[in-house]
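Please keep the sequence and the structure in view while reading.

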Amino acid sequence: MKHILTILFAFMVLGASASPADQLLERIDRGASKKFKVEIVPTGKGKEAQADFFELSQRGNKIGIRANTWVNAAVGINWYLKYYCGIHLTWNQMQAKLPATLPRIAKTERHETPLTLRYDFNYCTFSYSMAFWDWERWEREIDWMALHGVNLPLAIVGEECVWRNMLLKLGYSEEEIGRFIAGPAFLAWWEMNNLEGWGGPLPRSWYARQEKLQRQILRRMKEYGMHPVLPGYCGMMPHDARERLGLNVTDGGLWNGYQRPANLLPTDPRFNEIATLYYEELTKLYGKADYYSMDPFHESNDDSNIDYAEAGRQLMRAMKAVNPKAVWVIQGWTENPRPQMVDPMQAGDLLVLDLFSECRPMFGAPSIWQRKEGYKQHGWLFCMLENFGANVGLHGRMDQLLGNYRLATSEYGKNLKGIGFTMEGSETNPIMYELMSELPWRHEPMAKDAWVSGYVKARYGVDDPIIHKAWQLLASTIYNCPPGNNQQGPHESIFCGRPSLNNFQASSWSKMKNYYDPSVTRKAALLMNSVADKYRGNNNFEYDLVDITRQALADQARVRYHYAIAAYKAFMPVQFKSEAEKFLHMLLMQDKLLATRSEFRLGHWTEAARNCGTTAAEKDQYEWNARVQITTWGNRTCADEGGLRDYAHKEWQGLLKDFYYVRWKTYFDALYAQMKAQMGPQPDLLGGGKNATKTAAELFQMALPQDVKIDWYAIEEPWTLRHNTYSAAPEGNAVDVAREVCEKIMN
């Protein structure tokens with residue numbers, strides 16, 4: 001409500017004709033626009049016209065911001081706030097109180113870049129982070145994008161509305177459409193041609209909500225001068241399109257146990273008709289675009305029945321029929337873009353997102369996905385993936401990011417057009433996004449340690465040597481995942497995985513590999529906590545205090561887990577029970593710690609889901625979507641055999657106590673019961689046993705460590721079906737609870 005009142009006041013003061021920069025400043029701090037003079041100027045001619053720039057200067061009593069676009073002006077505002085005012089705006093803090101008198105700029109400061117395209121989002125982000133966002137949350141995100149230089153955002157909200165209209169015109173019924181289009185938390189994988197229907201059917205009210213929301217999003221993006229990337233047509237059709245419409249389609253097969261949509265072959269005589277109908281419906285709802293995103297044959301093996309070159313021609317032709325100047329945006333991921341599809345295309349018609357440039361670049365630099373010729377004639381963007389599944393955890397590849405960026409802008413930079421944020425989940429590790437966003441604007445070689453020091457000072461508005469020491473420790477270890485380690489995102493918390501005797505990864509495909517000593521996160525947490533009393537009320541500090549302490553506690557719990565398992569394997573039941581209880585206590589302390597910040601509470605996810613519904617049934621459906629996605633991900637087949645369970649696991653308050661704790665308690669109790677059953681009559685230890693008559697061979701075999709068998713899905717699914725309330729409102733004081741964690745567990 002406070003945010004809404006601030007915006008209303010800004011409009012009353014400034015009027016609806018206020019510039020995008022003035023309106024941004026008013027959303028940051030009421031009255032802030034009066035302290036700045038923002039000016040948009042042309043870039044000039046020739047080579048200069050190909051560069052973006054912003055300039056900071058003193059203009060009397062005001063701060064002058066000159067730039068060639070509104071987005072670049074926003075970058076200038078952000079730069080000034082960070083490096084002159086000690087104000088860092090990011091997901092956990094998008095508003096701040098500016099000084100009554102702003103620090104003066106002694107000398108004009110200018111930054112420019114030839115990397116004029118700065119992209120944002122992965123298809124997965126729209127489900128893992130943004131599935132239930134409303135306009136107020138989206139407004140903050142668009143401001144975040146502008147402040148961080150994004151001018152090429154993927155904009156796929158409401159794509160399901162286009163498909164519904166299209167399929168109705170093709171003769172599909174509402175019921176059939178409901179079986180095809182996925183639910184809110186799974187739309188990304190439907191859009192990427194991975195599955196049909198899971199989480200649906202969508203109520204009619206959802207379509208109306210998303211259509212309105214997308215129009216608001218596009219309007220604001222265009223006010224900033226951004227170029228939204230709309231979803232293009234890549235040949236996807238319902239799997240029954242051959243029988244239903246007589247179309248020549250390839251069988252999509254199965255994806256992790258789910259039916260995949262079919263692919264309409266470009267040689268089908270009705271391909272042009274279907275593609276034209278799609279773009280007509282897209283344009284009616286959301287207008288035309290200069291960029292369209294298409295990832296045909298995503299994560300699929302080569303099919304000899306497909307003429308990939310012809311598919312590329314047809315997809316490009318259909319897109320160009322809408323806007324002859326449009327550019328096709330495609331992800332550089334595993335087999336895509338297939339050379340046989342894109343090699344015949346003309347330069348300038350295709351823009352490739354090198355999706356995981358900081359770890360597995362495909363643009364030519366050495367990696368396990370190296371393409372020695374890169375993307376040949378096509379333009380491409382250097383992208384940072386950083387996060388998979390919106391998992392919570394400190395993580396980064398600072399040296400790799402800086403090193404690969406140097407390669408991308410030097411020997412492999414011929415067709416480099418810009419950068420991109422391509423995270424599967426957002427709102428974590430702001431330091432990495434700050435670093436990435438600044439790279440295009442800095443031309444001198446980046447000195448990591450110096451940059452980290454500047455970041456810390458800007459983030460907290462203070463210059464504390466203890467905080468600097470903690471962050472330099474993190475930057476050299478957990479935020480510096482080395483080459484050769486190809487793990488997907490953060491080092492996963494031991495709390496979040498299905499229990500076993502060899503628990504390591506929480507998700508099936510994380511490719512985790514140890515690369516830092518857990519004592520370093522403990523040390524960083526102790527350093528942060530040692531000065532925490534001085535910075536009570538500093539929002540950024542308290543967020544990081546909780547996040548760093550959370551990481552340290554998770555890392556120490558992994559150590560405690562090994563103590564418990566060692567006691568089990570050594571057949572020391574009393575010691576095992578003690579270590580297991582300590583582990584469970586750590587898990588509950590993690591829940592208590594995370595309760596102090598709304599960002600780490602399950603309630604901020606489930607409340608947003610329920611708020612999307614207009615009826616009790618809709619609210620329940622959306623909450624079920626939200627719960628399933630972060631736990632089992634799918635049905636029993638998907639969870640147990642498909643490998644997706646816990647892919648989107650979260651260290652969140654509520655989820656820890658009511659879901660992960662139940663799994664671990666069940667597991668430890670089962671191991672203890674197994675040990676008890678194997679014991680002979682030893683009343684002092686375990687109250688007797690049942691194996692006094694066993695032979696020596698039988699006892700020997702029973703004594704070998706053997707994991708207990710538990711039907712995990714039977715334990716997990718009931719939680720996904722519940723509707724107990726989780727609140728987003730924080731409980732407890734972050735500084736006090738973080739200190740309690742340190743005193744009781746880490747000292």
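**Pockets and their linings**

α14 (398-408) and β17 (416-421) each contribute at least two residues to the lining of the second largest pocket. Helices (H or I, at least four residues) and strands (E, at least two) are DSSP runs, numbered from the N terminus. The model is predicted, so local features need pLDDT of at least 70 and side-chain atom pairs count only at pLDDT 80 or more, while totals for chains, interfaces and linings use all residues. Residues are numbered from 1 along each chain as its sequence is written, and side-chain values use heavy atoms, with hydrogens and water left out.

A pocket is an open set of points on a 1 Å grid over the protein atoms alone, where a 1.4 Å probe fits, with protein on both sides within 12 Å along at least five of seven lines; lining residues have an atom within 4 Å of a point. Grid points are joined across faces, edges and corners, and a volume is the space filled by probe spheres set on the points.

The second largest pocket has a volume of about 540 Å³. It is lined by 21 residues, of which Pro114, Leu115, Tyr405, Thr409 and His443 are the closest to its centre. α14 provides the largest share of this lining, three residues.

The largest pocket holds about 1300 Å³ of space. Its lining comprises 45 residues, with Arg137, Arg140, Glu427, Ser598 and His604 the closest to the centre. Two or more lining residues come from each of α1 (2-14), α5 (135-147), α19 (539-569) and α21 (603-611). The largest share, five residues, belongs to α21.
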